[in-house]
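Reader: I would like to learn how to read some features of a structure. Please put it on the screen and take me through them.

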Amino acid sequence: EGETGMSGGASLTKSGHIAGLDGLRALAILGVVGYHLLPGVLRGGYLGVLLFWVISGYLLSVTSERSASKGRFRTGEFYKKRVLRLYPALLLMLVFVTCFFTLFLQDELRGIRRELLSVVFGYNNWWQIAQQSSYFARLSSASAFTHLWFLAVQIQVCLLWPLFFKLYK
């Protein structure tokens, strides 16, 4: 381990930010956005999604290990940090999109309540499966919340992470 307290040569700033991940995040965003803008040309959108998951898993394990090495890994604190990181922006986005629909696209509000609940409670991926909706077939007529299946998977991982981490330790 170097002076950063991490093995593998990751370079941390004083705030704990891993600068090298910014470029990987940008690459992932470009892959996803490129796929949605030109799906026939740029077919690597899921690679961007997978890259986000790899980065998230890496950060979960690094931050959990860092807390555990200091004797401070607490499940309740872990959940609190994740909720405070994910939900303010998510809820704000849901409010703005719903208000926009209410004002300009009222036809899009039909059946939105169940979908909103699936997003807020982190099971949107399973909700979409139960609706027999295909992510690819719905690209042209997709709900504004179709892409949040990714966040649902992330929430589910975060719910299970403390158990996995404690089993690992």
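Reader: What volume does the largest pocket have?

Author: Rolling a probe the size of a water molecule over the atoms shows where empty space is left. In this predicted model, the largest pocket has a volume of about 1,200 Å³. A pocket is an open set of points on a 1 Å grid over the protein atoms alone, where a 1.4 Å probe fits, with protein on both sides within 12 Å along at least five of seven lines. The volume is the space filled by probe spheres set on the points, which are joined across faces, edges and corners.

Reader: Which residues of the lining lie nearest the centre of the largest pocket?

Author: Arg25, Leu59, Thr63, Arg82 and Arg85 do, out of 37 lining residues. A lining residue has an atom within 4 Å of a point. The lining divides into 17 nonpolar, eleven polar and nine charged residues. Nonpolar covers Ala, Val, Leu, Ile, Met, Phe, Trp, Tyr, Cys and Pro; charged covers Asp, Glu, Lys and Arg; the others, Gly among them, are polar.

Reader: Which helix gives the most to the lining of the largest pocket?

Author: H2 does, with ten residues. Helices H1 (20-37), H2 (45-69), H3 (75-104) and H6 (149-168) each supply at least two. Helices are DSSP runs (H or I, at least four residues), numbered from the N terminus.

Reader: Is Gln154 buried or exposed?

Author: Gln154 is buried, because its relative accessibility is 11%. The cut-offs are under 20% for buried, over 50% for exposed, and partly exposed in between (1.4 Å probe, protein chains only). Gln154 sits in helix H6. Beyond its neighbours within four places in sequence, Gln154 contacts Trp53 and Ser56; contact means heavy atoms within 4.5 Å.

Reader: How many disulfides does a search of the whole structure find?

Author: A disulfide is a covalent bond between the sulfur atoms of two cysteines. The search finds zero, with a cut-off of 2.5 Å between the sulfur atoms. Cys99 is partly exposed at 40%, and Cys158 is buried at 6%.

Reader: How many aromatic pairs are there?

Author: A pair of aromatic rings is described by the distance of the centres and the angle of the planes. The search finds 13 pairs. Phe100 and Phe104 have ring centres 5.1 Å apart and planes at 45°, so this pair is tilted. Rings of Phe, Tyr and Trp (its six-membered ring) pair with centres within 6.5 Å; planes under 30 degrees apart are stacked, over 60 edge-to-face, the rest tilted. Both residues lie in helix H3, four residues apart.

Reader: What are the ground rules?

Author: Residues are numbered from 1 along each chain as its sequence is written, and side-chain values use heavy atoms, without hydrogens and water. Local features need pLDDT of at least 70, side-chain atom pairs count only at pLDDT 80 or more, and totals for chains, interfaces and linings use all residues.
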